[in-house]
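Q: I would like to learn how to read a few local features in a model. Can we take them one at a time?

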Amino acid sequence: MPKEQNEPSSSDEDEESLFLPQAKEVFAQRRKPVVIPRFPENYPDEEINPEEEDVDDSFTDDEDDLSNEETSEIVKASTDSSEEEQEDEEEIQNQGESIEQLGAGREEKEDDDIIVAICNAAKPQEKTKPPDLRTSLNCMVTDISFHPNEELIAMSDIEGEITCYKYGNEENELLHTLNHHKKSCRALTFNHDGALLFSASKDKSVVITDIETMKITQSFCKAHSSPIYSLLCMDANTWASGDDDGVVKVWDKRRSVQKPVAEFKEMDEFVSSMITDSGSRLLVCTSGEGTLTAFNTRRKKMEGQSEVYPSEMNCAGLIRQETKVIAGLGNGNMYIFDWKAFGYHSDAFGDHPSAINCMLPIMDNIVITGCDDGKIRAISLFPHRFLGVVGHHKFPIERLDISTCGHYIASTSHDGRVRFWNISYFENPDLKLMETTTKKSVRNKKRSLRKEKLGFQLPSSKRRNKGDFFAGFAEPEPEAGPADEAKNESEPEPDTESSSDSD
């Protein structure tokens with residue numbers, strides 16, 4: 001049995017006969033001796049071993065020729081690869097240098113942009129309005145008045161001091177200081193040509209001062225039996241005053257006797273404001289009892305009086321070429337009366353969030369109001385809508401006045417400061433004062449628009465609107481082509497009123 005096991009099988013012999021001859025041929029082709037060339041000039045100091053020479057001589061001529069060819073190819077391949085590596089390294093270095101140059105260029109550009117931004121920020125910005133004014137005693141400013149022909153402004157404070165300033169965009173210059181009144185100076189106004197300054201005080205006196213000499217021309221020590229609240233120059237010679245008890249008096253400065261030309265007692269509360277038309281025929285007064293009363297100064301009688309409104313009337317103004325009177329109330333409502341029809345209002349606007357303390361018509365259909373929340377708002381009339389916030393104080397606005405050039409308005413508050421606001425942008429017809437880039441649903445459209453308009457900041461305000469930051473991200477609406485216009489004309493508009501009523 002062991003002998004049978006050691007004998008090769010027929011299958012093994014077949015495999016050897018088939019596999020071994022082919023494998024030997026393949027291995028004979030692939031197995032080629034690699035000879036490392038040795039050059040004596042490169043190794044002069046080394047001794048050559050004779051046995052190694054015998055080994056080299058043992059190779060046949062064909063194998064020697066083959067090995068020499070392979071070595072030459074290897075040397076050539078190595079030199080080519082080294083050259084390619086050098087070229088790659090040079091390209092990498094060049095790329096690195098170019099990337100570094102680009103990075104350095106970007107850094108230099110960023111540095112230049114930063115330097116330009118710093119230089120622009122360091123440059124003094126162009127001033128568009130005069131700086132704020134403060135009283136010498138840092139007390140509350142009670143009234144202000146612009147000169148009708150020159151760049152002068154007069155202001156009075158609660159201590160009875162009157163100061164006159166020459167205003168400008170760069171600085172304000174103090175010209176005069178007057179101390180005519182013992183108590184608070186409540187009202188202050190220039191006459192039509194600016195030659196005289198009228199001032200009324202809580203001590204019941206009225207003083208007329210010459211602007212050139214700054215001397216008192218006339219003084220009425222007991223002009224009223226109650227403290228004077230309001231004052232108005234009607235024309236070159238006549239002026240009117242109203243006190244805390246609702247008494248209105250009309251004066252003529254040409255009379256030698258210090259007695260009023262006419263006296264009216266038709267109101268039970270303080271006379272908050274007085275206005276008149278260009279002909280100075282009617283004197284319209286508002287009262288703390290909530291009435292609007294008109295007096296005919298020539299006939300010396302009352303022309304008409306409105307019904308009593310639920311809140312005090314604090315201010316009034318003429319609009320629409322003196323054909324209408326607008327009055328502001330303490331509950332935030334505004335009522336419009338037709339001229340010579342003062343019994344009941346013809347229109348109303350009641351969206352103010354707080355009391356309206358003062359009012360200033362600057363154009364035929366634009367009125368600026370000062371409110372209890374410390375904001376000065378611009379309102380467009382016919383149609384009635386808010387234009388935005390002109391300026392703001394921390395405390396309620398008490399007085400407003402406009403300069404002779406019409407570019408500035410001044411406002412006072414309880415903080416003892418007079419602030420100027422540049423409103424020249426109202427003269428630009430292309431200016432869009434209120435833009436909305438977001439679409440709102442019909443249900444919340446009125447409420448959201450009212451909220452935006454109440455807090456929308458106009459260019460005169462120092463604050464910015466929240467939507468201005470994202471204005472650049474808004475995508476422009478695509479222009480409608482002729483096909484879209486035809487489609488829009490064919491489609492009926494949705495009835496928003498019915499949908500809002502249904503909600």
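A: We can; note that this model is predicted. Begin with S413, which is placed in strand 27 (residues 408–413).

Q: Is S413 buried or exposed?
A: Buried means under 20% relative accessible area. S413 has a relative accessible area of 0%, so S413 is buried.

Q: Which residues is S413 in contact with, leaving aside its neighbours within four places in sequence?
A: They are M140, V141, H393, F395 and P396. For F395 there is a further detail: its backbone oxygen lies 3.0 Å from a polar atom of the S413 side chain.

Q: How many aromatic pairs does a search of the whole structure find?
A: A pair of aromatic rings is described by the distance of the centres and the angle of the planes. The search finds 15 such pairs. One of them, F146 with F420, is edge-to-face, at 6.2 Å centre to centre and 65 degrees between the planes.

Q: Where do F146 and F420 lie?
A: F146 is in strand 2 (residues 141–146) and F420 in strand 28 (residues 417–422), so the pair ties together parts that are 274 residues apart in sequence. F146 is buried, at 6% relative accessible area, and F420 is buried too, at 0%.

Q: What kind of aromatic pair do Y425 and F426 form?
A: A tilted one, with 4.6 Å centre to centre and 35 degrees between the planes. Y425 is buried at 12% relative accessible area, and F426 at 10%.

Q: Which residue has its charged end over the ring of W421?
A: K129, at 5.8 Å from the ring centre. In another case, R320 lies over the face of F382, 4.7 Å from the ring centre.

Technical notes: Residues numbered from 1 in each chain as written. Predicted model: local features only at pLDDT ≥ 70, side-chain atom pairs only at ≥ 80, totals over all residues. Heavy atoms only, no water. Helix = DSSP H or I, 4+ residues; strand = E, 2+ residues; numbered from the N terminus. Buried < 20%, exposed > 50% of the residue type's maximum accessible area, 1.4 Å probe, protein only. Polar contact = N/O pair within 3.5 Å; in protein donor to acceptor, adjacent residues only side chain to side chain. Contact = heavy atoms within 4.5 Å. Phe/Tyr/Trp six-rings, centres within 6.5 Å; stacked < 30°, edge-to-face > 60°. Lys NZ or Arg CZ within 6 Å of the ring centre and 35° of its normal.
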